[in-house]
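Let's look at a model together and learn how to read its features, one question at a time.

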Amino acid sequence: MVPRYVYWQRLRFSARSRRADARPTAKDELATDRPDVTNSSQVVPTGSFQSENGINLSGRGASQTIDGTNTRWRLGVAPCLEFLVDLPTYSANVRQLGNSGFSDVSPAVKWQISPVPGTIDLSIVSGVALPTGAAAIAGRGIQPYLQFPWSWELHDGWGVGGMFTEFFRPEELTTKHVTETTFVVEKKLTEQLTLFTEYVGDYPEGAGPSLQINSGGEYHLNRSQQVDFHIAFGLNHNAPNYIVGVGYSFRLDGLFGGLAR
């Protein structure tokens with residue numbers, strides 16, 4: 001989701017496990033960019049609109065912060081191509097004093113590279129956080145980013161994946177860029193339920209890394225609706241002590257008429 005912890009947006013092997021030569025269609029199960037940090041390597045089907053939403057409670061020391069709705073809108077505009085936008089998320093302190101306000105709006109374009117059978121599936125995302133939110137929450141100025149989510153379906157419902165992201169912050173006084181890497185392992189337990197565990201590492205220029213372990217799952221109510229949950233724990237002092245979140249996502253198909261089918 002993108003640019004920071006408020007966007008617990010992520011990769012769904014169970015939904016995107018399909019023949020490698022097939023493009024996503026409205027007949028496929030919902031594939032979301034949440035609740036893990038790793039985004040899906042699949043785009044939204046052509047002519048489909050997808051809304052992914054969630055809310056998080058995080059703790060750092062004695063302070064607690066709640067943020068929502070962590071909304072990402074995704075639109076399939078062509079085969080293997082989607083337009084997406086992260087809407088402003090509001091963060092508020094619920095314990096002790098601290099910064100509150102909205103994050104930036106962040107539009108992006110995602111291109112799914114056609115996979116080869118038995119190998120890694122890869123997408124490329126190019127986006128930018130526009131300076132519409134509070135600087136204390138979202139940072140200063142325009143913040144472009146480049147992202148590479150990948151996945152590899154294994155056997156018996158197992159899958160692995162990850163994501164490499166480079167965030168550029170040209171107007172910040174110190175940290176000009178942040179590198180984020182993730183690695184996730186997933187297991188599809190039933191037709192509706194998939195669980196995951198992932199490693200998330202953020203490596204800002206000129207500062208120590210923020211390291212986390214994030215685990216959770218998704219439950220498909222039907223082909224186009226999903227509920228999810230996750231809980232993350234910090235592995236060092238630069239990361240939040242914990243993040244707990246829940247979410248709901250849905251997809252609307254056939255917006256372009258016959259093109260979507």
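**Reading the backbone and the packing**

Q: In which element is the place of Asn70?

A: Asn70 sits in strand β2. Strands here are DSSP E runs of at least two residues, helices are H or I runs of at least four, and both are numbered from the N terminus. Keep in mind that this is a predicted model, where local features need pLDDT of at least 70, side-chain atom pairs count only at pLDDT 80 or more, and totals for chains, interfaces and linings use all residues. Residues are numbered from 1 along each chain as its sequence is written, and side-chain values use heavy atoms, with hydrogens and water left out.

Q: How many helices and strands does the protein have?

A: The protein contains two helices and 14 strands.

Q: What is the phi of Asn70, and is the residue buried or exposed?

A: Asn70 is not a glycine, yet its phi is positive, about 50°. Asn70 is also buried, because its relative accessible area is 1%. The cut-offs, with a 1.4 Å probe and protein chains only, are under 20% for buried, over 50% for exposed, and partly exposed in between.

Q: What is the phi of Cys80, and where is this residue placed?

A: Cys80, again not a glycine, has a positive phi of about 70°. The loop between β2 and β3 (81-86) holds Cys80. With 9% relative accessibility, Cys80 counts as buried.

Q: Which residues are joined by cis peptide bonds?

A: Omega is the angle to read here. Arg34 and Pro35 are linked by a cis peptide bond with omega of about 10°, and Pro35 belongs to the loop between α1 (13-16) and β1. The bond from Gly68 to Thr69 is cis as well, with omega near 10°. Thr69 is part of strand β2 (residues 63-78), where Asn70 is also placed.

Q: What is Ser126 in contact with?

A: Contact means heavy atoms within 4.5 Å. Setting aside neighbours within four places in sequence, Ser126 touches Ala108, Val109, Tyr145 and Leu146. Val109 is 17 residues from Ser126 along the chain, while their C-alpha atoms are separated by 5.5 Å. Ser126 lies in strand β7 (residues 121-129).

Q: Why does Ser126 count as partly exposed?

A: Ser126 counts as partly exposed because its relative accessibility is 43%. Phe229, in strand β13, is another partly exposed residue, with a relative accessible area of 41%.

Q: What do the totals for the protein say about burial, contacts and surface?

A: Of its 261 residues, 49% count as buried. Taking contacts between residues at least 6 apart in sequence, 55% join residues at least 24 apart. The accessible surface comes to about 11500 Å², with 64% of it belonging to carbon and sulfur atoms; the areas come from the Shrake-Rupley method with a 1.4 Å probe, and for residues only the protein chains shown count as cover.

Q: How many cavities of 30 Å³ or more are counted, and which residues lie nearest the centre of the largest cavity?

A: Rolling a probe the size of a water molecule over the atoms shows where empty space is left. A cavity is a set of points, on a 1 Å grid over the protein atoms alone, where a 1.4 Å probe fits but cannot get out; lining residues have an atom within 4 Å of a point. Points are joined across faces, edges and corners, and the volume is the space filled by probe spheres set on them. By this rule, one cavity of 30 Å³ or more is counted. The largest cavity has a volume of about 50 Å³. Ten residues line the largest cavity, and Glu29, Ala31, Val43, Pro45 and Arg251 lie nearest its centre.

Definitions and conventions:
On a 1 Å grid over the protein atoms alone, a cavity is a set of points where a 1.4 Å probe fits but cannot get out, and a pocket is an open set with protein on both sides within 12 Å along at least five of seven lines; lining residues have an atom within 4 Å of a point.
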